[in-house]
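I have a new model open today, and I want to learn my way around it. I will write down each thing as I look it up.

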Amino acid sequence: MRRLAARRLGGPEDTKAPIGRYRVVVAGGLAALLLLVSGTAVWWSRDRPATPASVQAPPATRASPDPAALQRQLDKVVETGAPGVVALVRSGPQTWQGASGLGDLGAKRPARAGDRFRIGSVTKSFVATVALQLVGEGKLGLDDHLERWLPGLVPNGDDITVRQLLNHTSGLYDYTDDLPEPPRPFQPRELVAIATDHRPLFAPGTRFSYSNTNYILAGLVIERVTGQRLAAQLQQRIFQPLDLGDTELPVTEQALASPSIHGYAPREKGWRVTDGPAGLLDVTEMDPSWAWAAGAMVSTTSDLARFYQALLSASCSTPSSCRQCRPPWTQASSSDTECATALG
């Protein structure tokens with residue numbers, strides 16, 4: 001697999017052009033949105049619940065979307081050159097799932113609404129949620145310095161906080177900009193070593209720069225605090241409570257369990273979406289260790305929608321000690337650090 005297929009995981013705008021952008025367009029299964037399955041569309045109402053009983057769908061605030069119009073939009077994405085695309089849209093009590101194009105170019109198999117796919121940097125939302133749960137439980141502090149939990153791993157770890165890892169203000173070099181070829185199995189600390197072989201981009205807390213290194217370190221911090229593997233913490237704290245049966249953080253498994261949708265990447269940097277699927281590289285089977293806590297998770301549109309609905313509708317488990325729960329990229333006061341995300 002060429003470096004282009006594994007260079008970056010995508011993220012907020014910065015001086016780099018993340019490969020995650022390509023994955024949303026090119027790969028039916030490598031997306032950083034609740035977008036992304038084929039041929040048919042499914043529409044159901046509240047009598048077929050899309051979320052567990054503990055997660056209540058918000059009341060309708062706007063007219064239900066037009067399924068035919070949504071399907072046309074997906075078809076247009078494929079017409080511009082994407083191999084396949086899937087989508088899930090919720091509006092009030094109704095949920096729509098649709099797809100267009102192929103889930104497997106080689107077999108000419110249409111993508112399907114229930115297909116699993118690699119979710120790339122959406123993984124970071126799950127990792128940040130676990131970190132904030134630990135903050136809410138008093139086991140971790142957003143202003144804890146990295147040196148406390150991972151002594152000696154990062155130069156000047158006394159100057160970098162957990163908050164700066166989560167909001168990408170640590171200044172650490174992005175290891176995905178210097179991954180060796182060909183791809184091989186990596187340990188998380190090896191990925192950190194790639195980053196620390198480069199000078200920091202700026203002093204911690206002074207600027208923003210999206211860096212996958214931050215979330216590799218966040219995953220290591222979670223493991224140090226809990227004494228368990230990150231995958232186990234995700235399973236216990238998020239996947240199991242929300243019944244996300246199609247979501248996992250693979251460690252060494254290269255193939256995706258069926259049903260799944262294939263992901264593709266352009267072979268050359270000069271690729272344009274209008275070039276169509278010709279010459280695309282199938283990157284579905286890959287060693288996920290190079291991405292780990294920064295982007296190795298696998299899921300489905302339904303599971304992702306369920307997770308974000310729970311996350312964004314959650315309340316503080318310690319309301320007396322904080323004014324409101326805030327996401328990790330905001331500047332919270334000391335009292336806010338007691339907030340915990342409640343997921344069902």
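These are my notes, one topic at a time.

**Ground rules**

I am working with a predicted model, where local features need pLDDT of at least 70, side-chain atom pairs count only at pLDDT 80 or more, and totals for chains, interfaces and linings use all residues. I count residues from 1 along each chain as its sequence is written, and side-chain values use heavy atoms, with hydrogens and water left out.

**Entry 1: helix α8**

I began with α8, which covers residues 230–239. Helices here are DSSP runs (H or I, at least four residues), strands are runs of E with at least two, and both are numbered from the N terminus. Which residues of α8 are buried? I found L230, Q233, L234, R237, I238 and F239. Buried means under 20% relative accessible area, exposed means over 50%, and partly exposed is in between (1.4 Å probe, protein chains only).

I then looked down the axis of α8: the buried residues fall within an arc of 155°, so they line one face of the helix. The arc is that of the directions from the helix axis to the C-beta atoms. The cover over these buried residues includes α3 (123–136), α7 (212–226), α9 (292–295) and α10 (301–313).

**Entry 2: helix α6**

In α6 I listed P188, L191, V192, I194 and A195 as buried. Their arc around the axis is only 155°, which puts them on the same side of α6. Among the elements that cover them are α7 and α9.

**Entry 3: the largest nonpolar core**

I looked up the core next. A nonpolar core is a set of buried Ala, Val, Leu, Ile, Met, Phe, Trp, Tyr and Cys residues joined through side-chain atoms within 4.5 Å. In soluble globular proteins, nonpolar side chains tend to be buried together.

How many residues does the largest nonpolar core have? I read 64, and F126, L140, L217, L234 and I238 touch the most other members. The elements that give two or more residues to this core are α3, α4 (146–149), α5 (162–166), α6, α7, α8, α9 and α10. Apart from it lies another core, of five residues, including L70, L74, V85 and W96.

I picked L140 to follow up. Leaving aside neighbours within four places in sequence, L140 is in contact (heavy atoms within 4.5 Å) with A131, L134, V135, W149, V162, V221 and V225.

Is L165 buried or exposed? L165 lies in helix α5, and at 0% relative accessibility it counts as buried. Beyond four places in sequence, the contacts of L165 are L146, I160, S170, L172, N214, Y215, L217 and A218. L165 and Y210 are 45 residues apart along the chain, and their C-alpha atoms are separated by 9.8 Å.

Y173 sits in the loop between α5 and α6. Y173 is buried too, with a relative accessible area of 16%. From Y173 to T196 I count 23 residues in sequence and 7.1 Å in space, C-alpha to C-alpha.

**Entry 4: the loop between α8 and β6**

I found several things to note in this loop, which runs up to β6 (264–265). G263 lies in it and counts as buried at 4% relative accessibility. G263 and L105 are 158 residues apart in sequence and 9.7 Å apart in space, C-alpha to C-alpha. P259 is in the loop as well, and a cis peptide bond, with omega about -5°, joins S258 and P259. D243, also placed there, has a positive phi of about 55° although it is not a glycine. At 52% relative accessibility, D243 counts as exposed.

**Entry 5: the second largest pocket**

How many residues line the second largest pocket? I found 17, and Q187, P188, R229, V251 and W292 are the closest to its centre. α7 supplies the largest share of the lining, three residues.

Notes. 1 Å grid on protein atoms, 1.4 Å probe; cavity = no way out; pocket = protein on both sides within 12 Å on 5 of 7 lines; lining within 4 Å.
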